[in-house]
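Biologist: Could you walk me through this structure and tell me what lies behind the terms you use?

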Amino acid sequence: AVGRWCKEKKKATPSLDTNWATVTLTGRGLVNSQVAFEASRLLIENKINPEALINTPLSITFVIAKDQVQKASQKIHEKFVH
């Protein structure tokens with residue numbers, strides 16, 4: 001059954017969705033901070049809806065619509081970069 005499944009999956013045509021982009025905040029101590037929550041709230045308040053959030057100890061990355069990158073970058077910069 002697995003062999004047949006693999007053969008059937010090989011027939012699938014991969015596609016690339018280019019409508020998405022990422023915006024990333026970097027810094028120390030982000031994994032246990034409120035920054036991810038605050039940044040998410042900031043984006044949503046500005047009508048930017050993150051599709052996904054990826055959080056590591058040194059970064060917070062939001063997957064957003066490509067056409068919202070400039071606005072998201074500006075809002076995050078205004079709030080978090082001093």
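Modeller: Gladly! A nonpolar core is a set of buried Ala, Val, Leu, Ile, Met, Phe, Trp, Tyr and Cys residues joined through side-chain atoms within 4.5 Å, where buried means under 20% relative accessible area, with a 1.4 Å probe and protein chains only. This is a predicted model, in which local features need pLDDT of at least 70 and side-chain atom pairs 80 or more, while totals for chains, interfaces and linings use all residues. Residues are numbered from 1 along each chain, and side-chain values use heavy atoms, without hydrogens and water.

Biologist: Which residues have the most contacts inside the largest nonpolar core?

Modeller: They are L25, I60, F62, I76 and F80, in a core of 15 residues. At least two residues each come from β1 (20–26), α2 (35–45), β3 (59–65) and α3 (69–80), and α2 gives the largest share, five. Helices (H or I, at least four residues) and strands (E, at least two) are DSSP runs, numbered from the N terminus.

Biologist: What is F62 in contact with, beyond its neighbours within four places in sequence?

Modeller: Contact means heavy atoms within 4.5 Å. The partners of F62 include V23, L25, A39, L43 and L53.

Biologist: Why do you say that β1 and β3 pair?

Modeller: Two strands pair if DSSP finds at least two bridges between them. β1 and β3 have seven, in the antiparallel sense, so they count as paired. One of the bridges joins T24 to T61 in β3.

Biologist: What makes β1 and β2 (52–56) edge strands?

Modeller: Each pairs on one side only, and the order in this open sheet is β1-β3-β2.

Conventions:
Buried < 20%, exposed > 50% of the residue type's maximum accessible area, 1.4 Å probe, protein only.
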